[in-house]
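Good morning, and thank you for the time. I shall present one model and take its parts in turn.

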There are 2 protein chains.
Amino acid sequence: MPITLQDVAARAGVSKSAVSRTFTPGASVSAKTRAKVEAAARELGYTPNVLASSLTTGRTALVGLISNNFTNPYFLEIFDLFTRALQEAELRPLLINLSAEEDASRSLSMLRQYNVDGVIVASSTLPPEFAKVFHDAGIPVVHAFGWSSDTPETGRVSIDNTEAGHLAAVTLIERGYRQVGFLGGPQSAATTSDRLDGFRVELATHGIAPEIQFATAYSYDAGRVAMARALESAPTVEAWFCGDDVIAIGAMDAARALGRAIPQDLGLIGLNDMRMAGWDRVGLTTIRQPAPQIVAASVDLIRKGIADPATPPQRVLLPCTLVERGTLRARP
Amino acid sequence: MPITLQDVAARAGVSKSAVSRTFTPGASVSAKTRAKVEAAARELGYTPNVLASSLTTGRTALVGLISNNFTNPYFLEIFDLFTRALQEAELRPLLINLSAEEDASRSLSMLRQYNVDGVIVASSTLPPEFAKVFHDAGIPVVHAFGWSSDTPETGRVSIDNTEAGHLAAVTLIERGYRQVGFLGGPQSAATTSDRLDGFRVELATHGIAPEIQFATAYSYDAGRVAMARALESAPTVEAWFCGDDVIAIGAMDAARALGRAIPQDLGLIGLNDMRMAGWDRVGLTTIRQPAPQIVAASVDLIRKGIADPATPPQRVLLPCTLVERGTLRARP
DNA sequence: CAGGATTTTGCAACAGGTTGCAAAAATCCG
DNA sequence: CGGATTTTTGCAACCTGTTGCAAAATCCTG
């Protein structure tokens with residue numbers, strides 16, 4: 001049923017090789033045959049079968065896009081960026097939802113079956129070792145949005161989470177908050193501990209030890225229950241640094257529900273600057289991750305890794321910035 | 001480098017065929033050879049190459065998942081559901097972001113290159129004809145979340161949008177609203193006109209003609225500007241039926257910004273019931289689309305279409321229900 | 001226009017599997 | 001236990017393209 005090389009070759013009156021070469025950039029074909037072949041291909045509606053060609057070339061243009069963050073609206077923005085950037089680079093994302101399990105080896109074997117050219121891990125909660133499995137299997141891999149100081153040797157792109165924690169601390173101090181807290185994402189997440197570290201270190205220079213709490217997930221609900229608990233156990237904290245915007249929004253609602261006005265009674269600062277943070281009803285002061293740059297750099301790294309598998313894994317750290325809205329009191 | 005059938009065959013001391021059969025469900029292999037082969041495969045870490053086998057079997061287990069809704073948080077929920085359901089069915093989603101362009105033929109040729117087994121179009125804004133292109137190319141296709149009374153013959157799963165419009169009208173009438181408006185998604189979207197139809201028809205039986213406005217996209221910003229405009233041009237409308245939750249949220253913020261309290265001064269009812277609609281700070285009264293069922297039915301249809309390409313395209317319409325929260329005044 | 005250099009072309013082998021067919025092995029049954 | 005059945009197995013062809021190699025065609029140059 002589908003049109004093959006053979007069919008086109010027959011129609012154009014040339015050999016299979018000629019047709020193949022017509023569609024292979026840089027191959028040697030005369031203008032005349034090329035024209036004949038292209039005409040025949042057009043008439044028949046021929047599309048080369050990437051899968052078949054991958055057998056000999058070893059290239060599929062397929063890239064595994066793995067994430068386990070399907071409840072955080074921020075990641076829709078990330079997926080939007082990634083799919084566009086990959087399409088731009090002529091790569092095709094094979095999307096894997098890892099919410100249910102965390103077993104890298106299963107993903108690995110699946111992606112191997114499809115001979116993917118590379119893998120992008122877009123997750124702040126997957127452990128750094130996750131990406132390593134692909135690297136060890138010889139598949140170029142980049143871990144985006146996750147990072148920790150002690151990651152194994154794989155490509156990675158993210159903000160400097162320690163720096164983000166630092167920035168949060170500086171901001172809170174500057175606003176005159178003295179009793180502050182850290183409401184992080186899942187405690188096991190690689191990023192969480194870095195953010196906490198940076199936060200703590202800076203606060204320590206002011207002689208402050210933050211209250212510490214963790215939400216069980218990067219989600220509204222998790223933020224909500226964590227903050228409800230936090231307000232109970234640490235009612236004197238004046239401002240919280242939340243490990244993520246969606247957690248911060250949940251936290252905000254929990255605080256309001258318990259009668260604490262924001263920012264009058266309680267300050268909040270988030271992280272990510274997802275689009276929603278700028279909505280009227282949210283107006284969250286937050287630390288922006290430069291998502292477009294992170295994505296661009298990730299795809300760039302993957303391209304390089306594919307082009308030359310010998311490329312050593314690279315790390316890219318991008319700066320984050322404060323975005324002022326309405327959940328922290330003004331500078332005194 | 002990678003392990004092939006051949007390698008396993010050699011190690012197990014059998015022919016390639018024996019190995020192939022061991023991995024083909026339902027093929028004839030004795031328990032003894034199967035054991036030998038499995039042992040060898042395990043020792044070598046062999047994973048069959050789906051792409052190579054697809055050449056002869058014509059099956060890739062790849063499914064194109066096409067959407068152009070990457071700014072509507074509702075679709076993150078949809079993607080979550082789809083990726084899980086597809087994984088469950090042993091199918092792999094090849095994600096295509098069609099935000100930039102609407103040209104079906106480009107997607108078609110791309111998906112053909114990869115020999116996808118089927119295509120799922122998850123979009124409320126892509127025209128019904130879009131899915132038809134795949135159907136005509138002999139690729140099983142299901143259009144989910146989009147529908148219009150006059151769609152061409154492709155598989156489709158959605159709510160009955162006319163019914164949804166009807167339900168919205170009934171609800172508003174029941175609350176005593178008489179001056180009502182329709183704030184739809186993009187005017188070109190297939191779903192929009194059906195929703196409007198149902199809405200209008202029911203209102204007409206009460207002698208009411210609604211004010212009509214369209215947002216330019218399914219997004220917060222679009223909802224916001226559309227409502228700002230609507231409040232100007234039709235300030236007497238007491239309640240609006242918004243074609244989508246995220247539009248409704250934007251609309252709500254616009255109304256508040258212009259000093260209209262909700263639900264006291266203005267009623268709003270959305271559509272979808274995305275998770276966020278239930279957040280404290282949103283509390284949107286809305287019409288729920290049964291997303292899990294829509295997704296399940298879509299994947300089911302695709303599976304059937306793949307299993308037997310002769311299966312005629314089916315349509316599944318699922319019921320939608322009212323979810324009461326706080327953006328409509330109480331029943332008088 | 002001859003002769004050599006260069007480009008283009010087709011053949012055939014190959015990528016990693018699957019499968020129809022016939023031979024070989026195992027099983028059944030009287 | 002021998003012959004008829006049934007099951008298992010390997011061979012070889014095939015799926016759709018790519019590519020090294022040598023032959024054929026074209027191009028240059030004197």
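**Two helices of chain B**

Helix 8 and helix 9 of chain B are oblique to each other, because angles under 35 degrees count as roughly parallel, over 145 as roughly antiparallel, 65 to 115 as roughly perpendicular and the rest as oblique. Helices here (H or I, at least four residues) and strands (E, at least two) are DSSP runs, numbered from the N terminus.

A word on provenance: this is a predicted model, in which local features need pLDDT of at least 70 and side-chain atom pairs count only at pLDDT 80 or more, while totals for chains, interfaces and linings use all residues. Residues are numbered from 1 along each chain as its sequence is written, and chains are lettered from A and ligands numbered from 1 in the order in which they are written.

Two packed helices are described by the angle between their axes and the distance between the axes. For helix 8 (residues 161-174) and helix 9 (residues 190-204) of chain B, the angle is about 40° and the axes lie 6 Å apart. Axes are lines fitted to C-alpha atoms, for helices over the stretch in contact, and angles run from 0 to 180 degrees between N-to-C directions.

Which residues meet in this pair? Helix 8 of chain B contributes, among others, Ala164(B), Gly165(B) and Ala168(B), and helix 9 of chain B contributes residues including Leu196(B), Gly198(B) and Phe199(B). Contact requires C-beta atoms, placed from the backbone, within 7 Å. The residues of this contact divide into seven nonpolar, six polar and five charged. Ala, Val, Leu, Ile, Met, Phe, Trp, Tyr, Cys and Pro count as nonpolar, Asp, Glu, Lys and Arg as charged, and the others, Gly among them, as polar.

**The DNA strands**

I turn to DNA strand C, which has 28 residues around it; Ser30(A), Thr33(A), Leu5(B), Ser20(B) and Ser53(B) come nearest. A residue is near a strand if its C-beta atom, placed from the backbone, lies within 6 Å of it. Helix 4 of chain B gives the most to this surface, with five residues. By class, the surface near DNA strand C has 10 nonpolar, 14 polar and four charged residues.

DNA strand D is surrounded by 28 residues, the closest being Ser20(A), Asn49(A), Ser53(A), Thr33(B) and Leu55(B). Here helix 4 of chain A gives the most, with five residues.

**Chain A overall**

Finally, chain A has 12 helices and 12 strands. Its C-alpha trace spans about 85 × 40 × 35 Å along its principal axes.

How values were computed:
Two residues are in contact if their C-beta atoms, placed from the backbone, lie within 7 Å.
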